[in-house]
Amino acid sequence: MIVLVALAAIVVAMGGYLAWRKFSTPALPAGIAKANGRIEAERVDVATKLAGRLKEVLVKEGDSVKKGQTLAVMDTAELEAQMNDAKAEARQAERQLDQAIALLAQRNSELTLAKQELERSQKLAQKGYTPNEVVEQRTSAKISADAAVNSAHAQIDVAKAAIESATARVARIQTYLDDSILTAPRSGRVQYRLALPGEVLAAGGKVLTLLDVTDVYMTVFLPTSEAGRLAIGAEARIIFDAAPQYVVPGYISFVATEAQFTPKYVETQSEREKLMFRVKVQLPADVLEKYSALVKTGVPGVAYIRLSPSVQWPDNLTVALP
């Protein structure tokens, strides 16, 4: 008998608690939608551009990183050898250019001499002091000197092209060396370390995954009747299950153009009312910057979305931050 009385008391107490929970929570005014969701953040994969061996990883899971910070380094021994070879080719091409310039000066001197000898022989031939054979020889020598000058110019062009090619190769290898230092494309937090030093990775091999804690949102789903009234930029509030005493501001940054959970196309009104649209409730950047250390993905909560700007937020949804 005592046991039955105790059980009845427990049932009454539980019913009273549930009734208190139900009636103590203020009803939402018309024009405010409610939906459950989990916090998410934009993920960024840090990957290798070239195949190679991973030499060093400089961060751990959970570390906060800044944009441009070095996260990992690839082994560059082979690239450095190629760089030394390319620089040697560039120096050799520069020496060839110097030689070609010197040769051009010599050929110009020879051409000047050939022109002078031809002019003298022509004058002497007009006076009958030099046979025509000498004039012909001087003319041939002048033509050969012209060809030699043109050849020297061509050698200079070849040497310059070789320098440009070697310089371009040096720049290309330097780009590969730069790409071998993996840096953070944006500020965030290291979520996963996907490779260890010593591993050989293919081109595009993932090394780390970052979470951008400045781009955090909650994905929720709203029915047609509510999603159809929702405007981009509409105000929202989020209450996390882990911290119900706080009310976090937000705004609508995305509304899907296609429905979820039901067939893509339905004809009856009752079926259309069951359509659910994916909505992103974005957290403001200034709030995220101030509380970045508290941001955690996967935390569940409830989003309250104002469908009309004329609707006033109830007191229990006034922004309250730590």
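Which residues does A195 touch, not counting residues up to four places away in sequence? I began there, and found L54, V57, L201, K206 and V207, taking a contact to be heavy atoms within 4.5 Å.

I noted that this is a predicted model, in which local features need pLDDT of at least 70 and side-chain atom pairs count only at pLDDT 80 or more, while totals for chains, interfaces and linings use all residues. Residues are numbered from 1 along each chain as its sequence is written, and side-chain values use heavy atoms, with hydrogens and water left out.

I then placed A195 in the loop between strand 6 (188–193) and strand 7 (200–201), where strands are DSSP runs of E with at least two residues, helices are runs of H or I with at least four, and both are numbered from the N terminus. A195 counts as buried because its relative accessibility is 1%, the term meaning under 20% relative accessible area with a 1.4 Å probe and protein chains only. I also looked up V207, which is 12 residues from A195 along the chain, and the C-alpha atoms of the two are separated by 5.0 Å.

Turning to the whole chain, I counted six helices and 12 strands, and saw that buried residues make up 34% of the 322 residues.

Last, I checked pLDDT, the predictor's confidence in each residue from 0 to 100: the chain averages 82, and 86% of the residues score at least 70. Over residues 3–14 the pLDDT is below 50, and this stretch has zero contacts in the model beyond near neighbours in sequence. Where pLDDT is low, the predicted coordinates should not be read in detail.

Notes. Buried < 20%, exposed > 50% of the residue type's maximum accessible area, 1.4 Å probe, protein only.
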